[in-house]
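Reader: Hi! I'm new to reading protein models, could you walk me through this one?
Author: Happy to, let's have a look together.

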Amino acid sequence: MLFIISDVKMELAFLLDVNSNNFRPDQFYNVLNSVKSTYEAFIIGKDKTRIGIVTYSERPRTAVSLDQYTSRQSLDTAVDQTLMSPLTSPSLLGQGLAAVKRLFNGKSRPETPKILVVITGGKSRDEVIKPSAALKILNTTIFCVGVGQHIDRTELETVASTPASDHVIMAAISHRETAGENLASRIKKGDA
């Protein structure tokens, strides 16, 4: 398969569910590889696509700020070092969305398209409507990837940009490369 790398300027953030209740370690490894196969389709750099990563379980944490890495190799290393939460706790997607808004407000370039990819393995235990609406007000395009059997598709459709049919992907964990390439092509299709 011929894979064409896009030379676009955008802020591409990932919001990753790291709750150990939602993924086995091998599944989480595949989620991380899916993230890498998504951004692999874009040129990474300070004047090109910049990548940010926020993780969430009970509390959100910025794992990679938008201006932190300018090479794919260093970004790959940072993604590989992302850990699942060892605690069994509720997943608070709403707080994670609010953390992404802070990420975009603090480090994004003016007039640059903002894309958010939410990857989750479970249902949120907090409110997601207001924080997702706040991101959409910033002109953020939100894609949601639901992985596994414990997903609330309606919740993902609420969080995602419209139409939901273009912005929500239900993924089988064993098809990580296909899911990543599928997501990258959807991002490209929107001329991000």
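Author: We'll go through helix packing, a pocket and some backbone details of this predicted model.

Reader: Okay, what about helix 3 and helix 4, at what angle do they cross?
Author: The axes of helix 3 (residues 93-107) and helix 4 (residues 129-137) cross at roughly 20° and come within 8 Å. That angle makes helix 3 roughly parallel to helix 4. Their crossing is left-handed.

Reader: Which residues meet there?
Author: From helix 3 there are Gly-94, Leu-97, Ala-98, Val-100, Lys-101 and Phe-104, and they meet Pro-131, Ser-132, Ala-134 and Leu-135 in helix 4. The residues of this contact of helix 3 with helix 4 are seven nonpolar, two polar and one charged.

Reader: Changing topic: how much space lies in the largest pocket?
Author: The largest pocket holds about 330 Å³ of space. It is lined by 18 residues, and the closest to its centre are Val-18, Thr-55, Arg-61, Thr-82 and Leu-83.

Reader: Which strand gives the most to the lining?
Author: That's strand 3 (residues 61-64), which gives three residues to the lining of the largest pocket. By class, the lining has nine nonpolar, six polar and three charged residues.

Reader: Nice. Now the backbone, which peptide bond is cis?
Author: The peptide bond from Thr-162 to Pro-163 is cis, with omega near -5°. Pro-163 lies in the loop between helix 5 (153-159) and helix 6 (164-167).

Reader: And what is phi of Glu-111 near?
Author: Phi of Glu-111 is near 60°, which is a positive value in a residue other than glycine. You'll find Glu-111 in the loop between helix 3 and strand 4 (114-120).

Reader: Thanks, I'll go and find these in the viewer!

Methods: Residues are numbered from 1 along each chain as its sequence is written. This is a predicted model: local features need pLDDT of at least 70, side-chain atom pairs count only at pLDDT 80 or more; totals for chains, interfaces and linings use all residues. Side-chain values use heavy atoms; hydrogens and water are left out. On a 1 Å grid over the protein atoms alone, a cavity is a set of points where a 1.4 Å probe fits but cannot get out, and a pocket is an open set with protein on both sides within 12 Å along at least five of seven lines; lining residues have an atom within 4 Å of a point. Grid points are joined across faces, edges and corners, and a volume is the space filled by probe spheres set on the points. Helices (H or I, at least four residues) and strands (E, at least two) are DSSP runs, numbered from the N terminus. Ala, Val, Leu, Ile, Met, Phe, Trp, Tyr, Cys and Pro count as nonpolar, Asp, Glu, Lys and Arg as charged, and the others, Gly among them, as polar. Axes are lines fitted to C-alpha atoms, for helices over the stretch in contact, and angles run from 0 to 180 degrees between N-to-C directions. Angles under 35 degrees count as roughly parallel, over 145 as roughly antiparallel, 65 to 115 as roughly perpendicular and the rest as oblique. A crossing is left-handed if the near helix is turned anticlockwise from the far one by less than a right angle, and right-handed if clockwise. Contact means heavy atoms within 4.5 Å.
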